[in-house]
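Trainee: Could you walk me through how to read the features of a protein model? I would like the general idea each time, and then the case at hand.

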Amino acid sequence: MPPFSETLVERLACAERVAVLTGAGISAESGVPTFRDPDGLWQQFRPEELANIDAFLRNPVLVQGWYAHRRAVVEDVQPNPGHDALAELERLVPHFLLATQNVDDLHRRAGSERIIELHGNLTRSYCADCDRPASRDDLAAIDNGAEARCRSCAGLLRPDVVWFGEMLPDGAMERAAEAAAQADVFLSVGTRAVVYPAAGLPLIAREAGAYVVEVNVERSAIASEMSEVVLGPSGEVLPALLDAVRAFTE
Ligand code: BJW
């Protein structure tokens with residue numbers, strides 16, 4: 001017995017519009033640590049120490065080093081069958097949008113194209129003072145335990161990610177919210193759903209009448225609001241769901 005319902009398969013197979021929100025859990029099976037699970041990133045580092053501008057300005061070497069470590073981790077791993085299934089789903093559905101909270105670039109590497117990166121992308125950096133984009137060479141000082149600084153103005157270089165208290169990229173939330181409000185089916189995959197405004201997207205979809213489904217190894221903060229909760233690793237659940245949708249339409 002698959003862990004999902006026939007209703008979900010039918011809704012997805014017939015959907016004109018599908019929107020998806022992903023979180024750290026979808027990359028867990030690639031070997032990228034999540035944020036808040038027992039072996040997650042923030043068990044070693046408290047979020048308030050690292051993921052806000054004040055912490056960065058107070059201790060740039062620590063924060064730049066943490067992100068350099070994470071860049072190395074994501075460059076060393078591959079997208080998993082969960083990422084692949086979402087890239088494939090995009091090709092099956094007439095109108096599709098994937099909003100990800102992840103900064104690891106794995107959806108793009110899996111072939112997804114209709115992506116909104118709500119929290120930015122770890123592979124890019126820029127100057128915190130003059131906004132000039134930084135190259136990988138500009139970050140070389142980090143490997144020697146020194147501050148990486150802008151070659152134009154000597155400002156500190158920071159990752160192109162969204163920290164607590166910062167605005168999401170221009171228009172990102174608006175586009176994601178519009179897709180959520182129009183979706184026939186909305187999938188919320190591998191997120192604890194505690195960080196806003198991203199965690200509000202499934203609720204926007206639900207309020208607008210979508211069939212809203214959570215895929216997670218455990219129930220999230222908003223599981224009780226879902227039309228259906230599918231418990232299991234996304235790298236197994238999503239390919240199985242895709243197979244079932246294909247079988248339904250054949
Ligand atoms: C699996 C699995 C497997 C494991 N298969 N599943 C409204 C209400 C309350 C607060 C706020 C609000 N609006 C704004 C706020 C403040 C704040 C906020 O949300 N705070 C809360 C914590 C209370 N939000 C912000 O500050 C946001 N900005 C903003 O709102 O701007 C407007 C504004 C500005 C100024 C003043 C006021 C308003 C910005 C939020 C930025 C979040 N940034 C981070 C860091 C990004 C950079 C980096 O990567 O370092 O984004 S925080 C971190 O959490 C990261 C993640 O994207 C995000 C979400 O985490 P996620 O993905 O849910 O990960 P986990 O680890 O928590 O969960 C993993 C899940 O996977 C679990 O459920 C597992 O079970 C599951 N799982 N294996 C399936 N195999």
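This is a predicted model: local features need pLDDT of at least 70, side-chain atom pairs count only at pLDDT 80 or more; totals for chains, interfaces and linings use all residues.

Trainee: Which stretches make up domain 1 and domain 2?

Mentor: Domain bounds come from an automatic or database domain assignment. Here domain 1 takes in 6–32 + 79–119 + 168–249, and domain 2 takes in 40–76 + 125–161. Their C-alpha centres lie 29 Å apart.

Trainee: How many residues are in contact between domain 1 and domain 2?

Mentor: Contact means heavy atoms within 4.5 Å. By that rule, 6 residues of domain 1 touch 6 residues of domain 2. Buried area is the accessible area (1.4 Å probe) that two parts lose on being put together, summed over both. For this pair of domains it is about 400 Å², with 62% from carbon and sulfur atoms. There are 0 salt bridges between domain 1 and domain 2; a salt bridge is a side-chain nitrogen of Lys or Arg within 4 Å of a carboxyl oxygen of Asp or Glu.

Trainee: Is N102 buried or exposed?

Mentor: Buried means under 20% relative accessible area, exposed over 50%, and partly exposed in between (1.4 Å probe, protein chains only). N102 has 6% relative accessibility, so it counts as buried. N102 sits in the loop between β2 (95–100) and α8 (106–110); helices (H or I, at least four residues) and strands (E, at least two) are DSSP runs, numbered from the N terminus. The N102 side chain comes to 3.0 Å from the backbone oxygen of G23. Leaving aside neighbours within four places in sequence, the contacts of N102 include T22, I26 and G120.

Trainee: What should I look for in the backbone?

Mentor: Most residues other than glycine have a negative phi, and most peptide bonds are trans. In this model the peptide bond from Y196 to P197 is cis, with omega near 10°. P197 belongs to the loop between β7 (185–189) and α10 (201–207).

Trainee: What is the phi of A154, and what is the phi of A193?

Mentor: Phi is near 70° for A154, a positive value in a residue other than glycine, and near 60° for A193, also positive. A154 is partly exposed at 41% relative accessibility, whereas A193 is buried at 4%.

Trainee: How many salt bridges does the structure hold?

Mentor: The structure has 11 salt bridges. In one of them, E166 pairs with R158, the closest N and O atoms being 2.8 Å apart. E166 is partly exposed at 24%, and R158 is buried at 4%.

Trainee: How far apart are D243 and R246 in helix α11?

Mentor: D243 and R246 are 3 residues apart in helix α11 (residues 234–249), which means about one helical turn separates them. Salt bridges that share partners join E88, R91, D243 and R246 into one network.

Conventions: Residues are numbered from 1 along each chain as its sequence is written. Side-chain values use heavy atoms; hydrogens and water are left out. A polar contact is a pair of N or O atoms within 3.5 Å; within protein, one must be able to donate a hydrogen and the other to accept it, and residues adjacent in sequence count only if both atoms are side-chain atoms.
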